[in-house]
Structures are given as structure tokens and as C-alpha cells.
Amino acid sequence: MPDQIKAAIQEIKNYPSAIFGICIILSLFSLAVYSVIAIPYQDAITLWRADVGIWDRTPRNARPAWFNWVPGVNLPQNISSSSQSPQAKKEITDLGNGMSRIVIELPFRFDYDGFPKEITLFFDAEYTETRPWVSLVWHTPDGREIDIVEQSIREQERLRISQMEDLRENLFGYRPLIGLFMKPESEPPDVKKGEYKLTVDGLVFEEDAQLDVDIVVYGQLYGAAGTDHRRRSLAVALMWGTPIALAFAFLAAVGSTLTTMFIAAVGVWFGGIIDATIQRITEVNMILPALPIMIMVGILYSRSIWVMLAIIIILGIFSAGIKTYRAVFLQVKEAPYIEAARAYGAGNLRILIKYMIPKVLPMLVPQFVVLIPSFVFLEATLAILGLGDPLLPTWGKVLNDAHQQDALLSGQYYWVLLPAFLLITTGFGFAMVGFALDRIFNPRLKSY
Amino acid sequence: MFGKDTTDLKANYSFLFMWRHFKKICLYILKRFLILFITVTIGVYLTILVANMGGAVDEIREGQIRESVSMAVARDPEFQELSSDERQGITAQRVELERERLGLDRPFIVRSFMYLRTALTLDLGRAETLRSDSGSARVRNIMLERLLPTLVLFGLADIILFTVAVVAALFLSRRYGSKLDRAVVALAPTSAAPSWFYGIFLMLIFASFLGFLPFGGMVESPPPDTHLQYFLSLARHIILPLSAIILSAVFLAIYSWRTFFLIYSREDYVEMAKAKGLPSFSIDLRYILRPTLPTIVTNFALMLISMWMGAIVLETIFNWPGLGRLLFRAINQYDTPVIIGSVVVYAYLLALTVFLLDIVYSLLDPRIRVGEGTENA
């Protein structure tokens, strides 16, 4: 056995496609390991569940940040500036009577060709009774000052400047999102690049009242993979999808091929009624529609990926593969060394496990590798049907979200293409290695 | 297609001989039909067992009873005067009676066989929310209405796939090692992805980007008036899903069949035929395709079975009004009767595939005609 494997490894070097496939598999594997280490299991679940407050500061439906690598494209990235950061200025003057004036200046650079998606201020105020009062002024690079609003704020107030439609009259009739960033009188609106500044002039009316504020100018681009309709960074799902896809497919492939082989061996060895029963069960199983049954279980019982895995393995035990293995085992059973084993008094189980199965095991290797992509895609198929695991982020669930939000119709191609790319790369990687192994282990195919 | 087996004797054509063959084939088909029917029954029974482990089937039946009884009680003027408590008491009483009448109080084993009959005849009662286009809520009507579009799409895809793959495989097996051959071998791993996956890309290119072809649906809405226009519209809509199905399977089929043909083309009798100077076309047909056809048909049928599964998502993505999309909608609306009905229909479709395969097999495999057993082939 080890010799056979060594020989196979030697031989696989002759197949460039297999080498390429192995490289793909290895890089996927490292991505999987990295993801699990970088984002622990529980964090991945919390992030993807998108609890309140986790994804406030990421843009909705933003494209991946590397869009700007395309020459001539310079779309806004996400910008945030906090009153606690060193760039910001914060002056507190005591006005007596417990009142104080807090002036915060939030500077940021805006050097992009497009307009941002949203502008939001996140206040963090501490007070017991009287709310602080703030007035906001927007400073453009060319020195204009635009009054935005004067109002009192609550503890965790959020001011969505981009939605303040009444600013239009000060902004040449444009929406704040465009008006705040455009060159005056430009038609169509052009971005004024340079150093912007927002001043927050606040009054607090209590002795130990506090006032802090962050500004987030939501970009059109975000992160390595963009974001979805719930502002979640797709990178999280794409990264965590890797270990899930690999583990799921690997376990499904191992579970279904090994059991199938064992059952076939048992059938051949004992023959008679056992063999006949196994054959009949296989025929019934061929007619059982696996995916609809999984769907049924998903709806009626549980959508957990591990329950699905169990069903795949159970339905896979008596798969059509039994017929192929059976044919091989029938030959193996007649081999002289089996008779020798019998002669020295080896038991049934010993003959099965020590003599029959190892003989056919190499045949299993290529099949096993070829099977993996089909299970990776099966997970995606289930997810597209809305039966993805309820907690874990997977590639299929990203595709499902994209499909439900009509990503292709609205031109958000990245949302479909990135998970699709990962799926097809995985599929190709394993298929290429599997095909090469098939030729190595099945001598009849070798010369073709 | 290649029915005239010239390797057989001329006696093949004598009427008596053919009659005997015909009888044997019919017997074989009948036997297979019975076996498959029993298999489907067992399969559906297992499905019911799985579905009812959490009491889903019971719930469907109870829900139906409760609804109809409470409707009847609410409508009945006799009970209008009573207080709501009393009315509820009467409803509960009647539900109990109805349960007894329908046998829901009997042990599960007995009930499961009752369910088996209703499932096999698709008499699954009324859907919870889904309706057929004609407005019927009966599960059977909804399912039957959806069957035709699925059969049109997949039947057509199967025929094209089989023809293209066999012709291409024969062609490549004669040009072993050529650039085209190597390209097909390199493309074989593309079949790792299911049809819906290619569907997304085709849609992206041809519908979203180029705008040549529609995003989905079976015909334009509203449907065209004349038959010709209807057909043309159908043709325009079927191109993308059809290509997706074919694309997802064709390269693997060509690759594996070509390899198979190559192995067979090394047989001595092929060399012999070559030496005799037969044209390569008839060598392909008579000496390579003929003996390999049963295996290829089996291989093809297994491929079909896996394709049925892909149908669910493909139809959903292309909005094709077939069984797959119905199942998808049933999932989204938690319409359990339709979901269980779909599982049964898919079981029937798989059995039908296997049955058709058996018929083709009986025509192709001379051993069946001559009367040898095929089970241990």
C-alpha cells in the first residue's frame, strides 16, 4: 500500500494539471486554516448574524476595495474620523454654572472621483437630565461654510446627514450627499477634492457631561470583497465559507464512499440473502430523490449543515457505486491469497477488513477526490434553495442573498462572481487532481 | 437507431424469430415494470416515514380536518346562538369524530399505509398557500400543471446532450491526441459544477450584459396569441436554461465516452474490420458503438438522475414554471403537502428514467432478446 501511494505521488508529477490542482487545494486549505484562526467560530457566527451595532459603520452594497486598482477608477473608500483620534481637535471651555462648551473639529481628506454613499454622525453623549445642544458646520476645501443643523442630542444619537433633505437650498438644489462634496456651479456635479472638516459646536449643561462624536463617510468600496445589503463584509463569509465547504465535502465524500465500499464487500463476502438484500436496497435508493428529501428534512426538522451531512451519508451508503465495487470484490474474493487466509482460519471480519478492502482501497482514492466538488456544490445548492445552515456563513448563502436581492439585475456582479469564483476554483482544483488520480489508479485509462 | 444488428444471422428477419424476440422483450419490460413499481412504493413509504417522524403528515391531515370542521361549525346557523366556549367544545368533539372516521387515532403503522396510498396517487389534499394557474388548490392539479414545462426543458436537453456527446466522443476517439481532443480532456473538470451555476453565468453574459436573451420565464408575458409566435418566444426563453444544462454535463460525457471508445477501439475485432478495409464510419457504428451502447446508456441514465436534482435550482434561477420552481416556492412558503408531493413526483420521475433505460436496454442488449439473465451481467 505505501509503495503504491509513493508510486502514485511519483507519477502525479507527470500531470501538470494535477500539480496545478494540488496548488489550488493547498491554497484553499491555507485560507481555511487562516480563517479559522483569524475569526474564531463564535465570532464568525455573531458577525454573520449581524446583530445591532456590528455593521453600523460599513456601507451598504459596496464593491470590493480593489476596484480602484483599475486604471482610471477612483471611487470613494470608507472614511471615518473620531473625536478621540489624534487628528481631531477637541476644546472644552468651562462656562460656569456647570455648563461647558465643547468644540470638536473632525478633519478628513476626500480625494475621490465619486460621491460617497451616506454620511452619518455617531454621537456618544453622557448626561443625566439635560441633553447637550450641538450645532454642526461643514467646511469645504475651498473655504465655504455650510450650516447643517442645530439640535439637542440623545446619548447614542445618530445623525444621518445624507438624509437631511432640507439642506438642499444651501447646496445648489442637490441632495446633501452630492451637494456637500461638489464644486460649486459644476454641472453635472463634480467632486471638490481636498481637506474637508466638520465642526461640532456643543453645549453641555451638566457638571460631568461628556460629548464625543464620530463621522463616517460611507464609501462606494469596502474591504476585500465588498458588502451586502445588510452591510456585512462579504470577506467574512467568503473566508469562513472555505473551511466549511472543505470540511463538509470531505466528510461527505469519506462518509459515503467508505461505507459504500464496506457494504459492497460485506455483500460479496457473505453472498446469498445479504447480498440480494443489499442489491435491492441499492435499487430502491437509486429511486429516492436525494435533494428533495434533503429539502423535506430541512423544512420539517433542521437546516443545520451537519444534519444535511448525515442525510447525504445515509443516502450515499447504498449508492450506485455499490455495483462497481461489487464487480471488483467478486474478483478479489476468488483470489488465492483470500483462500490462504481462510485456510489459516481468519475470521470473516478479518478477511473483510485486512484482506479485501485494502485491495480495492486505491480504486476509491480518485473517486473520492472527484466526489468532493459535487458536495461543495451541493452545499451551495441547498443554500440557494434557502436551506443553508442557519448560523454559519457559507459561499452558498452569499449566492443566495445575491440572488434574492437581484444582484445581477442591479449590476452588483462582485456579489455573485466572488463566491462563484471560489466555488468553481474548488471544483476545478479537486476535479483536476481526481482525473489525474483516476488515470494513475485505473491502468486501463492510463494511456489515454 | 442502430436496430439492425448485422452481426446477427439473416434469420433475424424471419417473422417467427422476431415474434419470439418481441415476446421476450415484452416479458422483460413487464418484469422490470413490476419491480420498479414495488421499488417506488418502498421509496415513497420510506419518504412518508421520514416526513412523519416529526409528525408532519399527521399535522397536515389534522390541520385540514380542524379547518373544515371549524368552518362548518362557524357557518352552521344552529350554533350561532351559543357562546364561543360551547362552540369550541362542539368543534373539538367533531374533530375527534372526524379523526376517528379517517383513522387518525389508529396506530402509526396502519396510518402509514393509508398515507402511502394517498401519496402514491398524489392525493395529498389541498396545498396550504400555493395555487395552480387555473386556481386549483389541489396538490395533484398543481403538480400535474408543472410537469410539462419540466419535461420539455429536460427532455430536450437530454436528447441534445446524448446526441452531441456520442457524436463528439466518436469523432475525438478517432483523433486521439489532437489539439481538440486535449482541449476536451482539459475541459472535463468543468462538469464539477451543476447546471444552475452555469445558468448564473449565462444569465450574466447574455441577459444582463449583452441583453440578447430574456432573464427567465418560459414565454413572454402576456403569452403571444398565435402558435408560431408562442413557439418562437418559447425558443428564445429556452436557450439559456438549455445551454446551462448541456454545458454542465457535456464535457465530462464526451471525455468519459471517448475514453471508453478508445479502449474498445483496441479490440482485435476492430483491428480485423480495419484490415478488411471497412470505412471508418461503419467501423464506428458497428464495431465500436454497438457493443458499448448498453454501458453508455447506463452511464447516461445515471447522469440524468443527477440532472433531475439540479433541476430544482436551475428552474428557480431561470423562473422556469416547472416542478423545480414549484418545490422552491413550496419551500419558501412552508407548504408541506406540496413539498411531500414533489418528493413523490421526483421519485416517479427517477423510476420513469430507469424504466425507459430498461426498455432501451432491452432493445440494445442482445442477451435479453435471446433470453439470458441480465441481473448478473
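In this predicted model, chain A has a mean pLDDT of 88, and 98% of its residues reach 70 or more.

Chain A is divided into two domains, of which domain 1 is made of two stretches of sequence, 2-48 and 232-445, and domain 2 covers residues 67-218. The centres of domain 1 of chain A and domain 2 of chain A, taken over C-alpha atoms, are separated by 53 Å.

The contact between the chains was examined next. It brings 40 residues of chain A together with 43 residues of chain B. On the side of chain A that touches chain B, two or more residues are given by each of α6 (272-287), α7 (290-300), α11 (348-387), α13 (413-441) and α14 of chain A. The largest share of this side comes from α13(A), with 10 residues. Sorted by class, the side of chain A that touches chain B consists of 33 nonpolar, 5 polar and 2 charged residues.

One of the helices on this side, α6(A), was checked for its length. Its 16 residues should span 22 Å at 1.5 Å a residue, and the C-alpha atoms at its ends are 24 Å apart, which agrees. The buried residues in α6(A) include A:Ile278, A:Thr282 and A:Asn285, together with A:Met286 and A:Ile287.

A:Val266 is placed in helix α5 of chain A (residues 234-270). Inside 10 Å, A:Val266 has 19 C-beta neighbours and therefore counts as partly exposed, since a residue is buried only if 20 or more other C-beta atoms lie within that distance. When neighbours within four places in sequence are left aside, A:Val266 is in contact with A:Ile274 and A:Leu352. Another pairing, A:Val266 with A:Arg326, spans 60 residues in sequence, while the C-alpha atoms of the two are 9.5 Å apart in space.

Chain B contains 13 helices and 0 strands. Its radius of gyration is 27 Å, well over the 21 Å that the globule rule gives for 377 residues, so chain B is more spread out than a compact globule. The C-alpha trace of chain B spans about 100 × 55 × 40 Å along its principal axes. Of the 377 residues in chain B, 34% count as buried. Among the contacts in chain B between residues at least 6 apart in sequence, 70% join residues at least 24 apart.

Chain B is likewise divided into domains: domain 1 covers residues 2-120 and domain 2 covers residues 139-374. Taken over C-alpha atoms, the centres of domain 1 of chain B and domain 2 of chain B lie 30 Å apart. The contact between them takes 20 residues from domain 1 of chain B and 21 residues from domain 2 of chain B. On the side of domain 1 of chain B that touches domain 2 of chain B, the elements giving two or more residues are α1 (15-53) and α2 (56-75) of chain B. The most is given by α1(B), with 14 residues. By class, this side of domain 1 of chain B has 12 nonpolar, 5 polar and 3 charged residues.

How values were computed: Residues are numbered from 1 along each chain as its sequence is written. Chains are lettered from A and ligands numbered from 1 in the order in which they are written. This is a predicted model: local features need pLDDT of at least 70, side-chain atom pairs count only at pLDDT 80 or more; totals for chains, interfaces and linings use all residues. pLDDT is the predictor's confidence in each residue, from 0 to 100. Two residues are in contact if their C-beta atoms, placed from the backbone, lie within 7 Å. Helices (H or I, at least four residues) and strands (E, at least two) are DSSP runs, numbered from the N terminus. Ala, Val, Leu, Ile, Met, Phe, Trp, Tyr, Cys and Pro count as nonpolar, Asp, Glu, Lys and Arg as charged, and the others, Gly among them, as polar. The radius of gyration is taken over C-alpha atoms; the globule rule is 2.2 Å times the number of residues to the power 0.38. A residue is buried if 20 or more other C-beta atoms lie within 10 Å of its own, exposed if 12 or fewer, and partly exposed in between; C-beta atoms are placed from the backbone. Domain bounds come from an automatic or database domain assignment. The expected span of a helix is 1.5 Å times one less than its number of residues.
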